Amino acid sequence: MLCNRYRNYRVGFIRFFTALLLMSLFAQQVQALNAAASNWPMWRYDAQRSASSPSQLPDELHLIWKRQLETPRPAWPEEQYKLQFDKSYEPVAANELLFVASMVNDSVKAYDTDTGKEKWAFYSGGPVRFAPAWYNDKLYFTSDDGWLYCLQ
């Protein structure tokens, strides 16, 4: 009887400790998400491609600035509908910058999110067909020249 009681306490303690650990990890994850809530660091927001941000939009939206980009030039004809990943631009945002990869002029450009002004441009050796990804204050992207780039 004493042995069963001890085992029940032990199982209860392990369950309590596991729940406490999971709640702590969940709280850290929520804090990290809230800190980066204004970012859209990769295509469709995150690695799960959820296309959903924890940020709330304001009740009223107003146009602050706009940019006219060159018409995209996809690599594949429209009949290859499964390969239309470069039919449009797929910008990402982080740290008050908007990053736009271009399959037209082989570049990635950074725009200020408040003013729309171009902050910098990086030119690769070929079209940049996929959206870049922002991670740990670095921007990663690939180009048709066969390279993976990392910009800081």
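**Close-up 1. Lysine 109 is buried, with a relative accessibility of 15%.** Buried means under 20% relative accessible area, exposed over 50%, and partly exposed in between, computed with a 1.4 Å probe on protein chains only. The side chain of lysine 109 meets that of glutamate 118 in a salt bridge, at 3.9 Å from N to O. A salt bridge here is a side-chain nitrogen of Lys or Arg within 4 Å of a carboxyl oxygen of Asp or Glu. Glutamate 118 is partly exposed at 37% relative accessible area. This is a predicted model, in which local features need pLDDT of at least 70 and side-chain atom pairs count only at pLDDT 80 or more, while totals for chains, interfaces and linings use all residues. Residues are numbered from 1 along each chain as its sequence is written, and side-chain values use heavy atoms, with hydrogens and water left out.

**Close-up 2. Aspartate 86 and arginine 129 form a salt bridge, with the closest N and O atoms 2.5 Å apart.** The pair links distant parts of the chain, 43 residues apart: aspartate 86 lies in the loop between helix H1 (2-35) and strand S1 (92-94), and arginine 129 in the loop between strand S4 (118-123) and strand S5 (133-135). Helices (H or I, at least four residues) and strands (E, at least two) are DSSP runs, numbered from the N terminus. Both aspartate 86 and arginine 129 are buried. A network of salt bridges links Asp86, Arg129 and Asp144.

**Close-up 3. Lysine 87 forms a salt bridge with glutamate 78.** The closest N and O atoms of this pair are 4.0 Å apart. Lysine 87 is partly exposed at 44% relative accessibility, and glutamate 78 is exposed at 60% relative accessible area. The structure holds four salt bridges.
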